[in-house]
Amino acid sequence: MQVWEVCLALAVHVMTGALYYSPVMMSRPFFRLQFGDADYKPVPDVGAFVATLLGAALYVPVFLFFLDVAHATTIPDALLWAAIFAIFDAGINAPHVWYEKRPVGIYHIHTAYHALSLSLIALSYALTH
């Protein structure tokens, strides 16, 4: 695994999130579920942004490591690993619904983002190997 691969995968993850949670896609459903107002205008939270980047800085290289170890250099193999990780990720995040009393819809929104991001990272990995 090369440094440029990690940087590319992190860029894919961050750009996917920026588009996914933009007003064009999921911000309105997310805000409606979380705050009861689809037009909610949040105050930027630097701490949340830093925590998100730190999480991605750990999560993405681990995924790339598994792609390397599995020699997932074809698109079907890489996407299979993305699906496996997405299912694992969904299972890890499911308790947030129960213990933090989050709406199930927010869980689905986040889970779909992670599945999309992992798929795009896997696709970029396969195309560069």
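Helix α1 passes helix α6 in a right-handed crossing; a crossing is right-handed if the near helix is turned clockwise from the far one by less than a right angle, and left-handed if anticlockwise. The model is predicted, so local features need pLDDT of at least 70 and side-chain atom pairs count only at pLDDT 80 or more, while totals for chains, interfaces and linings use all residues. Residues are numbered from 1 along each chain as its sequence is written, and side-chain values use heavy atoms, with hydrogens and water left out. Helices here are DSSP runs (H or I, at least four residues), numbered from the N terminus.

The axes of α1 and α6 come within 9 Å and cross at roughly 145°. Such axes are lines fitted to C-alpha atoms over the stretch in contact, and the angles run from 0 to 180 degrees between N-to-C directions. On the α1 side the contact is made by Glu5, Leu8, Ala9, Val12, His13, Thr16, Gly17 and Tyr20. On the α6 side it is made by Ile109, Ala112, Tyr113, Leu116, Ser117, Leu120, Ile121, Ser124 and Tyr125. Contact means heavy atoms within 4.5 Å. By class, the residues of the contact of α1 with α6 are eleven nonpolar, five polar and one charged. In this count Ala, Val, Leu, Ile, Met, Phe, Trp, Tyr, Cys and Pro are nonpolar, Asp, Glu, Lys and Arg are charged, and the others, Gly among them, are polar.

His13 is found in helix α1. With 8% relative accessibility, His13 counts as buried; buried means under 20% relative accessible area, exposed over 50%, and partly exposed in between (1.4 Å probe, protein chains only). Leaving aside neighbours within four places in sequence, His13 is in contact with Ala56, Val60, Tyr113, Ser117 and Ile121.

Helix α6 also meets α2. The axes of α2 and α6 come within 9 Å and cross at roughly 145°, and this crossing is left-handed. Pro29, Phe30, Leu33 and Gln34 of α2 make the contact with Gly105, Ile106, Ile109 and His110 of α6. The contact of α2 with α6 has five nonpolar, three polar and no charged residues.

The next topic is the aromatic rings. A search of the whole structure finds twelve aromatic pairs. Rings of Phe, Tyr and Trp (its six-membered ring) pair if their centres lie within 6.5 Å; planes under 30 degrees apart count as stacked, over 60 as edge-to-face and the rest as tilted. Tyr21 and Tyr113 form an edge-to-face pair, 5.4 Å centre to centre with 65° between the planes. Tyr21 lies in the loop between α1 (3-20) and α2 (27-35) and Tyr113 in helix α6 (residues 104-127), so the pair ties together parts that are 92 residues apart in sequence. Tyr21 counts as partly exposed at 25% relative accessibility, whereas Tyr113 counts as buried at 8%. Phe30 and Phe31 form another edge-to-face pair, 5.9 Å centre to centre with 65° between the planes; Phe30 and Phe31 are both buried. Ring pairs link Tyr20, Tyr21, Phe30, Phe31, Phe35, Tyr40 and Tyr113 into a cluster.

Not counting residues up to four places away in sequence, Tyr21 touches Ser27, Phe30, Ile109, His110 and Tyr113. Ser27 lies in helix α2 and counts as buried at 7% relative accessibility.

In soluble globular proteins, nonpolar side chains tend to be buried together. A nonpolar core is a set of buried Ala, Val, Leu, Ile, Met, Phe, Trp, Tyr and Cys residues joined through side-chain atoms within 4.5 Å. The largest such core has 17 residues, of which Phe63, Leu64, Leu67, Ala78, Leu118 and Ile121 touch the most other members. Helices α1, α3 (46-69), α4 (75-93) and α6 each supply at least two residues of this core, and α6 gives the largest share, five residues. Leu118 touches Tyr59, Phe63, Ala82, Phe85 and Ala86, not counting residues up to four places away in sequence.

Two loop residues remain. Most residues other than glycine have a negative phi. His71, in the loop between α3 and α4, has a positive phi of about 50° although it is not a glycine. His71 is exposed, with a relative accessible area of 61%. Lys101 lies in the loop between α5 (95-99) and α6 and has a positive phi of about 55°, although it is not a glycine. Lys101 is exposed, with a relative accessible area of 67%.
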